[in-house]
Amino acid sequence: MTEGQNRKELVRYARKAYKRHLVGGTGGNFSARISGGRMVVTASGISLGDTAEDNLITVRIDSYKWEPVKDYIPSKEYLYHADILRMRPDVGAVLHVHPPYTTTFAVKGRSIPMLTDAAFKQLPMPHVPYAPSGSKELQEYIVQAIEENPECKVLFLEKHGIAALGKDVRTAYDYADLIEELARVAFLAEQL
Ligand SMILES: [Zn+2]
C-alpha cells in the first residue's frame, strides 16, 4: 500500500470508529506505518471523527521525532504507538479506542468472558495495568506486555480501553470492533 493509500485508510477508519461509538470526545488515537521508518498518527485534541489527511502527524519510529503540521501535534500516546511498531515488524497499524462495553469490563477489573464461537478463536488479550494516558509508566507497561506476548493482537488496558494491532488499519479496526461485539454479548448474556 502506498503512503497516500495508508493515510486515506487511516482517516476513513478513524472516522468510522467515532461513528460506530468505539470512542467518544477527543479520545482514542490511530497510527499507521509508512515508508522510511516512519508512521502517521492522529493529532492531539482532535476528535477521531474530525481526522483528516491534513491533521495527521508524521513521526520517526526510532527517534520519536516529529514536525508539527500547522498547529497540530501528535496524540500524547504516540510514544507507545512507535514502540509497538518498532517491536512488531508484523504490525502496520495500532488503534487505541475506548469501546463502552469493553471498557466497562476494563473498569471493573474483569476480563471479557469469551462466550461465542467468534470468541473461542481469539488469542488471549494481555492486561496492561492502569497508568494515566500519556504517562511514561503506561508506555513502559505496554512495552512489557508486548515483550511478554509477542503474538498478541489486542491489549486490554485496565480502567481505560484497548489497543488493537493489525497488519494494516482495516485489520486492526476489525479486531477492535469484534472485541467490542464480544464484550457486548457477554454483558447482555449476564443480564439474562
Ligand atoms: Zn485512551
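I took contact to mean heavy atoms within 4.5 Å. This is a predicted model, where local features need pLDDT of at least 70, side-chain atom pairs count only at pLDDT 80 or more, and totals for chains, interfaces and linings use all residues. Residues are numbered from 1 along each chain as its sequence is written, and side-chain values use heavy atoms, with hydrogens and water left out.

**Entry: packing**

I started with Val169. Not counting residues up to four places away in sequence, Val169 touches Glu9, Leu10, Tyr13, Phe30, Ala32, Ala93 and Leu95.

Next I looked up the cores. A nonpolar core is a set of buried Ala, Val, Leu, Ile, Met, Phe, Trp, Tyr and Cys residues joined through side-chain atoms within 4.5 Å. Buried means under 20% relative accessible area, exposed over 50%, and partly exposed in between (1.4 Å probe, protein chains only). The largest core holds 34 residues, and Phe30, Val97, Ile112 and Val169 have the most contacts inside it. At least two residues each come from helix H1 (3-19), strand S1 (29-34), strand S4 (93-97), helix H3 (100-107), strand S6 (154-157), strand S7 (161-166) and helix H6 (169-191). H6 gives the most to this core, nine residues. I name helices (H or I, at least four residues) and strands (E, at least two) by DSSP runs, numbered from the N terminus. Another core lies apart, with 23 residues, among them Ile84, Val91, Val128 and Leu157.

I then checked a loop residue. Thr51 sits between strand S2 (38-41) and strand S3 (57-60). Is Thr51 buried or exposed? Thr51 is buried, at a relative accessible area of 2%. Leaving aside neighbours within four places in sequence, its contacts are Leu10, Val11, Ala14, Arg15, Thr42, Ile46 and Leu56.

**Entry: zinc**

Which residues coordinate the zinc ion? I found His96, His98 and His160, each through NE2, at 2.0 to 2.1 Å. Donors here are N, O and S atoms within 2.8 Å of the metal (3.2 Å for Na, K and Ca); water is not among the atoms, so sites may look incomplete. The donor spacing in sequence is H-x1-H-x61-H. His96 is buried at 1%, while His98 is partly exposed at 27%.

I used a 1 Å grid over the protein atoms alone: a cavity is a set of points where a 1.4 Å probe fits but cannot get out, a pocket is an open set with protein on both sides within 12 Å along at least five of seven lines, and lining residues have an atom within 4 Å of a point. Points are joined across faces, edges and corners, and a volume is the space filled by probe spheres set on them.

The largest pocket has a volume of about 160 Å³. Its lining has 15 residues, with Thr26, Gly28, Asn29, Ser75 and Lys76 nearest the centre.

I counted one cavity of 30 Å³ or more. The largest cavity has a volume of about 50 Å³. Lys76, Glu77, Leu79, Tyr80, Gly134, Ser135, Leu138 and Gln139 line it. Helix H2 (78-87) and helix H5 (136-148) each give two or more residues to this lining.

H2 is largely enclosed by the rest of the structure, because seven of its 10 residues are buried.

**Entry: backbone**

Tyr64 has a positive phi of about 65 degrees although it is not a glycine. Tyr64 lies in the loop between S3 and H2. Lys159 also has a positive phi, about 55 degrees, and lies in the loop between S6 and S7. Tyr64 is partly exposed at 24%; Lys159 is exposed at 51%.
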